[in-house]
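Visitor: I would like to go through this model by question and answer. Please show it first.

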Amino acid sequence: MVVRLRLSRFGCRNKPFYRLMAADSRSPRDGKHLEVLGYYNPLPGQDGGKRMGVNFDRVKYWLSVGAQPSDPVQRLLFRAGLLPPPPMLAMGRKGGPRNMRPVDPLSGRVLTEAKKDVVVKQKADEDESGNESP
């Protein structure tokens with residue numbers, strides 16, 4: 001039995017509310033769970049921020065015994081400071097070998113051809129202006 005840490009959806013239509021659950025990977029999203037570990041409210045509150053409450057001791061326990069967080073839970077636990085950052089976005093995308101696609105070093109996103117052409121033109125302009133001055 002593989003235990004997953006994942007979000008279970010509650011709330012009404014257009015007003016989602018999620019609970020962080022430890023559940024068997026074969027059970028449905030809103031089905032049977034082993035333990036409730038916290039909550040996540042993606043709708044902004046009065047202060048404009050999203051609300052999240054997590055029982056860190058229990059999450060650490062489940063991670064220590066081999067529970068695997070889902071991708072959204074991994075991002076939430078990274079924001080809470082419990083997990084290291086998830087891998088860069090460009091590494092998980094389909095569409096060809098990784099080393100053939102240019103990646104923006106700051107955001108980790110794949111550069112499209114249009115953006116790459118703009119960067120090449122800017123570098124060429126800088127080289128021309130630098131070559132004219134000496």
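Predicted model: local features only at pLDDT ≥ 70, side-chain atom pairs only at ≥ 80, totals over all residues.

Visitor: What is the relative accessible area of Tyr39?
Guide: Residues are classed as buried under 20% relative accessible area, exposed over 50% and partly exposed in between (1.4 Å probe, protein chains only). Tyr39 falls in the partly exposed class, as its relative accessible area is 37%.

Visitor: How many helices and strands does the protein chain have?
Guide: Both are DSSP runs numbered from the N terminus: helices are H or I with at least four residues, strands E with at least two. Along the sequence their order is β-β-β-β-α-β-α-α. The count is 3 helices and 5 strands.

Visitor: How are the rings of Phe17 and Tyr39 arranged?
Guide: Rings of Phe, Tyr and Trp (its six-membered ring) pair with centres within 6.5 Å; planes under 30 degrees apart are stacked, over 60 edge-to-face, the rest tilted. By this rule there are 3 aromatic pairs. Because the centres of Phe17 and Tyr39 are 5.9 Å apart and the planes meet at 15°, the pair is stacked.

Visitor: How far apart in sequence are the parts that Phe17 and Tyr39 tie together?
Guide: Phe17 belongs to strand S2 (residues 15–24) and Tyr39 to strand S3 (residues 35–41). Phe17 is partly exposed, at 28% relative accessible area. The pair therefore links parts separated in sequence by 22 residues.

Visitor: With which residues is Ser70 in contact, leaving aside neighbours within four places in sequence?
Guide: Ser70 sits in the loop between strand S5 (68–69) and helix H2 (71–79). At 13% relative accessibility, Ser70 is buried. Contact means heavy atoms within 4.5 Å, and with those neighbours set aside Ser70 touches Arg4, Leu5 and Arg6.

Visitor: What is the C-alpha separation of Val73 and Tyr40?
Guide: Val73 is part of helix H2 and is buried, its relative accessible area being 1%. Beyond neighbours within four places in sequence, Val73 contacts Leu5, Arg6, Leu7 and Leu20. Tyr40 is 33 residues away along the chain, and the two C-alpha atoms are separated by 9.8 Å.

Visitor: Within what arc do the buried residues of H2 fall, seen down its axis?
Guide: The buried residues of H2 are Val73, Leu76 and Leu77. They line one face of the helix, because they fall within a limited arc, as given below. The arc is that of the directions from the helix axis to the C-beta atoms; for H2 its value is 95°.

Visitor: Which exposed residues does H2 carry on the face turned away from its buried side?
Guide: The buried residues of H2 pack against strand S1 (3–12), S2, S3, strand S4 (51–54), helix H1 (56–64) and S5. After H2 comes Gly81, with a positive phi near 85°. On the face turned away from the buried side, the exposed residues are Asp71 and Arg79.

Technical notes. Residues numbered from 1 in each chain as written. Heavy atoms only, no water.
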